[in-house]
Amino acid sequence: MPDISGYEVCAQLKALAETKDIPIIFVTAHIDEATETRCFNEGAVDFISKPINRNTVRARVRTHLLLKAQSDLLRQLVYLDGLTEVHNRRYFDERLSQEWKLASRHHTPLSLIIIDVDSFKKYNDLYGHLAGDDCLRRVAKTIQRTLKRATDLVARYGGEEFACLLPNTELSGAMAVAELIRTQVLEQEIPHADSSAASFVSISLGVCCRGAESTAALADFLLQADTQLYQAKKKGKNQTCGILLENNGL
C-alpha cells in the first residue's frame, strides 16, 4: 500500500469500536524479529511470512475465526441477564458511556427510559417467586419486541427495573416508545389481583432526553430519568412521565 503502512491500517482498525475485535493476520515478506514483534504490538493475532503455504494460511484463518466465535459467545454470555435474557446492567453502563460520548461529539439527542414493574413485591407475595420470575421474563420480552431499531437497547437495570437506551431520539419519540411499551405490557394481561394500578401487571416509566446541544452531565441524565419514574409512581403508577435536558440543566 503506497500511502499507508500495514501497521497504520492495523492501528486504525483497533482504534474503532466497530472493528477493534476483528482478528488481524499480517502476511509479509519481512521475517526479522523486530517486524514480527511490531505486528503483535499493533494488535495482530498472527504473523505469516512469505512465501506463503496456502494450507497453512487456511488453517490459521480457520483457527482464528473459531477463536473469535468462541470469544463473541463468551462476551455475549457475560453481558446477558441470566433470568430475562436481555442485556445486563454491566452492558448497559458500557453502552450508555459510549452513546453519551457519541451524542456529545455529534450533537445528537439521546433518550433513556427507566421502567419499573408496579407493585412487584406484592405480586411475588401473592403468586410466588417462580411466577415473579416468569413475569419479569414476559415483561422483558415485551419490551424487547417493542423496540424496533437495531441501535435501541433494553437491559435489566436491577430487580424489577429495566432501562431502554434510544440513540438519536427526541423526547417526543421517546415518550411515544415508552407509551407503546406501557400499553404492550398491559395487553399481556398478566393477572395481578393485589395491584392498585390495574387488574393486570402494569409498569411505570420515567423518560429523560438529552437535547442535541445539551451540556448536562451524565449523572444528571440518569438522575432525571429516575426522578421522572418517581413522578409516574407518585401520580398513581401505570403511566409515563418525561423531561428534556437542555444546555447544562432543564
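Leaving aside its neighbours within four places in sequence, which residues is Gln228 in contact with? They are Leu205, Gly206, Val207, Cys241, Gly242 and Ile243. Keep in mind that this is a predicted model.

**Gln228 and its helix**
- Gln228 sits in helix α8, which covers residues 218-234.
- Its relative accessibility comes out at 10%, and since buried means under 20%, Gln228 counts as buried.

**The chain as a whole**
- Eight helices and seven strands make up the secondary-structure tally for the protein chain.
- For 250 residues the globule rule gives 18 Å, but the radius of gyration here is 24 Å, well over that, so the chain is more spread out than a compact globule.
- Of the 250 residues in the chain, 38% are buried.
- Take the contacts between residues at least 6 apart in sequence: 64% of these join residues at least 24 apart.

**The largest pocket**
- This one has a volume of about 570 Å³.
- Its lining takes in 17 residues, and Asp21, Arg75, Tyr79, Tyr91 and Gln98 are the closest to the centre.
- Two elements, α3 (54-78) and α4 (89-106), are the ones that give two or more residues to that lining.
- By residue class, the lining of the largest pocket splits into eight charged, five nonpolar and four polar.
- Why does the largest pocket lie between domain 1 and domain 2? Domain 1 (6-78) and domain 2 (89-245) both give residues to its lining, so that is where it falls.

**The second largest pocket**
- Here you get about 200 Å³ of space.
- The lining is made up of Ala15, Leu16, Ala17, Glu18, Gln98, Lys101, Leu102 and Arg105.
- Helix α4 provides the largest share of that lining, with four residues.
- In class terms, the second largest pocket is lined by four nonpolar residues, three charged and one polar.
- Domain 1 (6-78) and domain 2 (89-245) both contribute to the lining of the second largest pocket, so it too lies between them.

Note on methods. Residues numbered from 1 in each chain as written. Predicted model: local features only at pLDDT ≥ 70, side-chain atom pairs only at ≥ 80, totals over all residues. Heavy atoms only, no water. 1 Å grid on protein atoms, 1.4 Å probe; cavity = no way out; pocket = protein on both sides within 12 Å on 5 of 7 lines; lining within 4 Å. Points joined across faces, edges and corners; volume = space filled by probe spheres on them. Nonpolar A, V, L, I, M, F, W, Y, C, P; charged D, E, K, R; others polar. Domains from an automatic or database assignment. Rg over C-alpha atoms; globule rule 2.2 N^0.38 Å. Buried < 20%, exposed > 50% of the residue type's maximum accessible area, 1.4 Å probe, protein only. Contact = heavy atoms within 4.5 Å.
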